[in-house]
Amino acid sequence: MGTRMEVTLLESRMTTEDYRKLQSLFLDSSGVPCSLSRKEFIHLASSMVSCGSKEEYGFLFDSVVVCQEHRGLLLDCEAVKEEGRVDWGGLCSFLQQTLSEKLKRSRKGNAPYWKPPRSLTCPHRDSLQKVLYLKNWGQYMTVSKGGSVGLRDSSDMSLLSTQRLHNSTVQPKDLWVTDVVLMHNLYKIAVSFTSKEIVFYDILPKMDFSCTYKLQGLKFTPWCLDYWTNISNPDVAVLAIGDIGGQVSALYFTSAQISLFERRSRWTDSDSVVVVQWDDVVKGTHHCCYIVTHQGHEAAWVRKVLYLDSLEAFVSCSTRPQSSMVIGWREKERRSLRVSSFVTKRGVWDIDYHHELKLIATAGVDHQVQLWNAYVTSQPVCILTGHMAPVTSVHFMQKKQLLSFSRDKVLFLWDISSQLCVHRLDGVFPATQESVHTLLLWIEERQVLLLTFNSVLVLLETMKEETRTSSHEHPVTCVLYSSLFRQVISSDTGSSVICWLADTGQKVKQIHRCHGNAEISTMALDGTQTRLFTAGTDGEVKVWDFNGRCLHRMNAGLGKAVVISHILLLRRSILVMGWERMLTVFRLHSFSKSQVEPSEWKGGVHHRAEVLCAAFQPLQTLVTGSADLVSCGSSGLVRFWNTITGSLLGEFTAHNGQPGPIVMTVSPCGKFLITADQEGTIKTWDIERYCLKSDEDAMTETPELLQSFRPHQNGVTHLEMFVHNDQLLLLSASSDCSVALSYLSGETIGLFGQEEQWSINRPEHEHQQEEVA
């Protein structure tokens with residue numbers, strides 16, 4: 001039987017002369033380019049080209065049709081194969097795409113491998129306002145709202161010391177830090193307070209944080225700071241200030257290494273701290289510094305300010321739509337700044353700048369990440385969509401990638417060139433109250449990401465990159481098996497669906513952008529396996545036939561972008577769930593039109609949180625699970641329930657120590673339970689006789705663990721067990737962009753998309769044969 005591997009071998013066997021002959025097939029008798037049907041192509045190619053069988057050319061034709069039409073779902077029906085036509089341009093496009101995919105698979109993955117996050121409780125009673133990396137000392141500094149400072153060793157994150165910032169202006173109980181910047185060339189930190197002052201502390205020689213200057217009398221409370229110094233002339237430095245009155249100011253220092261401000265005895269307090277009044281600096285009393293300013297944000301709070309030395313400009317943001325982002329341009333020696341304003345729908349929480357790409361990234365309250373050219377105010381260069389909540393932080397990486405974090409604790413990694421998400425991380429961050437202060441700090445040289453959640457510091461470290469097979473270009477969200485076509489179907493966050501040959505692991509065909517830019521969250525096959533259902537975060541469920549045509553669009557989210565977690569197909573209806581406490585019901589008699597609206601909603605009062613999954617058990621018993629009643633969840637627990645009485649039969653901890661949710665599946669006849677966690681570890685359990693005792697108390701014993709193995713380097717997102725060639729096999733999808741096929745004994749058969757062709761048959765599989773029997 002022909003396989004996709006054989007097609008690849010056919011393409012590599014063909015010589016230049018063979019391709020010339022192949023090209024001549026697409027010219028009619030008068031030399032005019034033409035297209036060929038499947039039957040014509042197979043007949044002419046197999047008879048005129050020196051290599052290749054009819055079956056191989058048939059597979060080549062099908063693959064070209066899929067590539068040409070950008071739709072590739074289970075194109076295996078004979079009636080379908082006769083419909084398409086191929087021209088020479090389509091064949092060349094397919095060959096070019098095949099080569100491109102091969103090159104991509106040979107490269108290392110673009111997304112980092114994250115180790116499981118570590119939560120570090122800081123010695124602070126209130127939320128963290130800033131995390132700094134002190135490169136020269138090999139330490140991290142955390143500063144809380146109340147003025148306490150913690151120093152950690154950057155190698156093992158151990159706490160070295162804690163201190164408290166002193167400010168005699170206010171009582172300790174009234175102290176409120178708003179921001180901190182490191183003045184690395186001066187061995188100082190500048191701290192802004194709600195007392196409308198900025199205080200400068202020495203951090204040498206013993207990290208005693210002695211106060212040296214106080215800048216007082218600011219018109220509004222300073223809310224954010226940024227610092228820059230000229231590398232070639234360290235005496236020149238700039239301290240940018242954004243305040244709650246919508247004003248952006250900049251202190252230009254001209255002799256920073258000698259003195260920030262002039263020292264006069266009448267300007268010192270009892271502790272010999274130089275006290276500087278803002279108005280004196282504005283008037284020019286201090287000859288070693290001066291101030292430039294603008295009021296571009298009007299009355300809105302300035303959330304972030306950056307000084308861009310390459311543009312000689314200040315970029316700042318606010319949550320006021322009309323002044324979402326403002327750039328203040330320095331013009332010669334003028335003390336005021338020329339202002340350019342950028343408008344978004346709901347304002348901006350955070351900004352960052354990429355010096356090489358000359359792009360500004362904005363974290364939108366409207367859930368969008370936008371990239372801007374500093375000189376074009378009318379519209380962004382591009383819009384990155386995918387977040388389901390306001391984006392609170394953005395940060396560029398040197399690899400022309402961008403990190404973004406949203407209020408619902410989801411981390412995205414974007415590839416700037418393709419404008420697509422290459423990695424998505426959620427469900428692994430600590431649970432906190434809804435009002436949470438989050439900061440994001442990426443340390444490029446250490447490949448470490450630090451995040452704050454109020455007083456909790458979370459560390460994300462990257463593992464050493466290794467050459468690996470990637471089944472998809474984006475994290476895989478779901479995987480299914482079609483026994484009708486003996487193929488595996490997988491989906492990803494890039495809205496692609498790929499079909500694979502289960503016998504060899506080779507790609508058969510692919511459909512791109514099933515839901516546009518929205519990721520595919522889950523899939524389902526109907527009972528006849530002649531229809532595929534895909535659910536997107538755009539709030540739609542689409543129904544596809546085997547020709548790759550979208551037959552129906554189910555308006556599950558009522559026009560809104562929602563995350564659909566499960567599709568359950570019953571005999572006369574379809575249930576869609578995930579984003580609310582309701583089950584959205586579609587009746588099959590409504591599928592007479594292409595656009596299908598919900599028939600009714602069920603539930604609501606029965607669940608306290610989003611409904612994440614459901615299962616049907618004949619006769620007419622529907623079991624659902626939410627955040628309050630689950631079979632498995634973020635705690636690593638697996639629970640067994642009596643669906644008749646609603647009582648708990650037993651529970652055990654399947655996975656220890658790893659934060660984030662676990663996923664599971666059960667073999668067709670209920671003998672084996674498979675669980676997987678966020679580290680990529682999969683465990684096989686024998687549950688054939690588990691919870692058979694009729695004790696009143698719930699069983700807490702652990703069932704027999706048959707095997708534990710790790711086919712993935714990142715978290716497992718979906719599991720599927722199926723019978724193939726009378727063997728029970730396991731499919732696992734992962735956020736590391738791979739789909740694995742494994743035996744229950746723990747041996748991984750291979751990763752879909754790998755170059756080497758595999759063979760599933762193996763002489764002895766006792767557990768599998770027992771299950772099939």
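Modeller: In sorting a lining, Ala, Val, Leu, Ile, Met, Phe, Trp, Tyr, Cys and Pro count as nonpolar, Asp, Glu, Lys and Arg as charged, and the others, Gly among them, as polar. This is a predicted model, in which local features need pLDDT of at least 70 and side-chain atom pairs count only at pLDDT 80 or more, while totals for chains, interfaces and linings use all residues. Residues are numbered from 1 along each chain as its sequence is written, and side-chain values use heavy atoms, with hydrogens and water left out.

Colleague: How does the lining of the largest cavity divide under that sorting?

Modeller: Into four nonpolar, two polar and two charged residues. The lining consists of Leu218, Lys219, Phe220, Ile241, Asp243, Gln247, Ser249 and Trp278. By the sorting rule, Lys and Asp are the charged types here.

Colleague: What makes a space a cavity and not a pocket?

Modeller: On a 1 Å grid over the protein atoms alone, a cavity is a set of points where a 1.4 Å probe fits but cannot get out; a pocket is an open set with protein on both sides within 12 Å along at least five of seven lines. A lining residue has an atom within 4 Å of a point.

Colleague: Which strand gives the most to the lining of the second largest cavity?

Modeller: Strand β23 (residues 359-364), with three residues. That lining divides into two nonpolar, six polar and one charged.

Colleague: What makes strand β9 largely enclosed by the rest of the structure?

Modeller: Buried means under 20% relative accessible area, exposed over 50%, partly exposed in between (1.4 Å probe, protein chains only). Seven of the seven residues of β9 (residues 177-183) are buried, so the strand is largely enclosed.

Colleague: How many bridges join β9 to β10?

Modeller: Six, and the strands run antiparallel. Pairing requires that DSSP finds at least two bridges, so β9 and β10 (residues 188-193) pair. Val180 has Val191 as its bridge partner in β10.

Colleague: Why is a set of residues called a nonpolar core?

Modeller: Because its members are buried Ala, Val, Leu, Ile, Met, Phe, Trp, Tyr and Cys residues joined through side-chain atoms within 4.5 Å. The largest has 25 residues, and Phe200, Leu239 and Phe261 have the most contacts inside it. Strand β14 (residues 237-243) gives the most to this core, with three residues. Apart from it lies another core, of 19 residues, including Val180 and Ile189.

Key
Helices (H or I, at least four residues) and strands (E, at least two) are DSSP runs, numbered from the N terminus.
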